[in-house]
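Hi,

Here is the structure I said I'd pass on.

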Amino acid sequence: MQNLDKIMKPRAIAVIGASTKAHTIGSDIMKRLQEYGFKGKIYPVNPKGGVIEGLQAYPTVLDVPGEVDLAIVVVNAKFVLSTIDQCHEKGVGGLCVISAGFKETGKDGAELEKALLEKVRAYGMRCVGPNCLGVVNTHPDIRMDGCFAESLPERGGIGFVSQSGALGGGILNILKDLNLGFAQFISIGNQADVNAETAIEYWENEDDVKQILLYMESIQNPANFRTLASRVSKKKPILALKAGRSAAGASAASSHTGSLAGADKAAHALLTQSGVIREYSLENLFATAKVFANCPIPKGDRVAIITNSGGPGIMATDAVCEYGMKMAPLSEETKAKLRAFLPAAASVKNPVDMIASAPIEHYKQTLETVLADDNVDMVIVIYLPFLGLKDIDVARAVMEIKAQHPEKPIVGVFMTKSEFFSQLSDMQVNVPFFMYAEQAADGLNRLNQQRIWVQKPLGTCSEFTVNRERAREIIMQSASQGREQLTTRESIDVLDAYGIRVCRSGFAVNEEEAVAIADKVGYPVVMKMTSKTTSHKTDVGGVRVNIQNADQLRAQYRDLIAKLKEKNLLEGLEGVIIQEMVKGSREMVCGVATDPQYGHMVMFGLGGVFIEVMKDVTFRMAPLTDVDADEMIRGVKAYKLLEGARGTTPAQMDQLRECLLRISQLVKDFPAITELDINPLIISEKNGEGIAVDGRIKLNLEKL
């Protein structure tokens, strides 16, 4: 992939559509480039020529005397294609099309955008937009403000991508108020060519981009995003605010897995597997960005708290523990040093309570002493206004110490007036300060989350030996009959072909065959109807359990047939499946749902009749790695049950992981499978094995 240097590091820019008319985009772009001090050449292009912002204007880009790397295009949409032709003739390598009037306007605009992309690809150019805010690079050698946001950018370490132009402009203004600067900004707009993945890949090796922030409404190529983000997030944090969380399509799903999926589950699973830290509000996005901008990644998860008030210290402790981090066990040596200068009423345990009378010197000494303890990985410093001690003085003292000890994260909690934070916005800060302890703990949790991700292996996708031809034969047979829903028997046979442990069973079309199979399987048994027209068996009394002998089986079989006849459900009945009765009180579920944009999602969790009530499930995008599968299993609240709570036999975790990986392989081999349910997957009390006692598979016949 071509890099974006022509766009992000241009030596010369042509503003095509530059204007002398105040408060127009063509005018504002020119002013921003000059006010921010662009280091290269600026060429205004306007059919009337003349002088714009003190610079000679040219009728077309072809009339520009020098070379041009980047063309910022702000002409009417109907002139954009011819403008691109001229840019190609001129040798322009980068485009930023701010002009609107493309796919956001409907069918005709979409066709115009398609033509734009075709030209860009044919000419070997790169294009940001159309319908975007512009691009910014704050590097001292570049100093390009090529967008029309109100505020001039502040230098910092953030690479920021926004899919929304107007929101992107608002965010740039907010970042300035929060004392957060950025290195580069790209407003991708309709993302005809350059998208979030392009930016992530470009910024991977840009040293001045320390963290990447994304505002996204969609992810164009989920598989490519996962590959790139998984790699880049190992080097630098990626934070994302993903909009559009409302459920879509779940109501049309026929499986438990499908009904629990929802639109946002796929995006969340994808971001999780890619190592992207997801935020759900702009406030949280900026708060986390502030922490990463001022803190190193910690070496561990042990937190020390320093406070001049007991209550906030306790609240901070609660928040730290709720996030699964540890309160650092201060060494006896550290405690002795603290006792040497703190008053007798102070507490030298963690949290360290210096009491309300603590002067600024105690803040300094305590912080330095705690930072020196090898048991401490991160520190929260809490301040409440007491006895005339000024908040800004304490903050300066904390920042001075941070400058001397940059190796450990320090976060400040200053429960004081809002004027304090206004003062900070005008200062050079190296410590993130928050109003509340919970915000500080959340920030440290994000740092710890990044630490865990960086240390975590990427995992491998296993390839098992399976009977692919047998599965294909079953699937194609259903498709040839125009059936998108496989029968229970067919579904179980497909699972069996892929090595998933299913019950010992047999298929019978009459009473005598049922008895013969039961004799072979061994009592007690379960009898299940299998039909080409009725998929939810339990709703119609089609499942009979704990059948102890042949007489009971005959009676249940006759009753089943009679009930189905009563309900006019005999048509489509294939017969019955006789299965071994698996003994186990722990019923799990695993399955697959398909998101129209993101593809196959694999689910695991607590199953049985309570699946849609408890909703104790986890999702990951296929294909799964062994690490993904392990996280899914450990991620459910029912994991304690799997470990062997209350004397039950521990589940075979390796076998459960393999079950999920085999399901992932199945849907990779057969993309036409849109939904799959194994419910219940019973954990055997005999040996802890996960056994599929029921299965349902649904197809998209158009994909076969």
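A quick word on terms: I call a residue buried when its relative accessible area is under 20%. Bear in mind, too, that this is a predicted model.

By that cut-off, Phe414 and Phe433 are both buried, the latter with a relative accessible area of 3%. The structure has nine aromatic pairs. In one of them, the ring centres of Phe414 and Phe433 are 5.0 Å apart and the planes meet at 85°, so this pair is edge-to-face. It joins distant parts of the chain, with Phe414 in strand β19 and Phe433 in strand β20, 19 residues apart.

Phe433 also pairs edge-to-face with Phe420, at 5.8 Å between centres and 90° between planes. Here the partner sits in helix α14 (residues 418-424), 13 residues from Phe433. Phe420 is buried as well, at 1% relative accessibility.

Two rings have a charge over them: Lys290 has its charged end 4.5 Å from the centre of the Phe434 ring, and Arg662 lies over the face of Phe464 at 4.3 Å from the ring centre.

Then there's helix α12 (residues 360-371): its twelve residues should span 16 Å at 1.5 Å a residue, and the end C-alpha atoms are 17 Å apart, which agrees. Its buried residues include His362, Tyr363 and Leu367, and the buried set packs against β15, α11, β17, β18, α13 and β19.

Lastly, Thr288 in helix α9 is buried at 1% relative accessibility. Beyond its close sequence neighbours, Thr288 touches Leu239, Glu279, Asp442 and Arg446.

Cheers

Conventions: Residues are numbered from 1 along each chain as its sequence is written. This is a predicted model: local features need pLDDT of at least 70, side-chain atom pairs count only at pLDDT 80 or more; totals for chains, interfaces and linings use all residues. Side-chain values use heavy atoms; hydrogens and water are left out. Helices (H or I, at least four residues) and strands (E, at least two) are DSSP runs, numbered from the N terminus. The expected span of a helix is 1.5 Å times one less than its number of residues. Buried means under 20% relative accessible area, exposed over 50%, partly exposed in between (1.4 Å probe, protein chains only). Contact means heavy atoms within 4.5 Å. Rings of Phe, Tyr and Trp (its six-membered ring) pair if their centres lie within 6.5 Å; planes under 30 degrees apart count as stacked, over 60 as edge-to-face and the rest as tilted. A charge sits over a ring if NZ of Lys or CZ of Arg is within 6 Å of the ring centre and within 35 degrees of the ring normal. Lists of a residue's contacts leave out its neighbours within four places in sequence.
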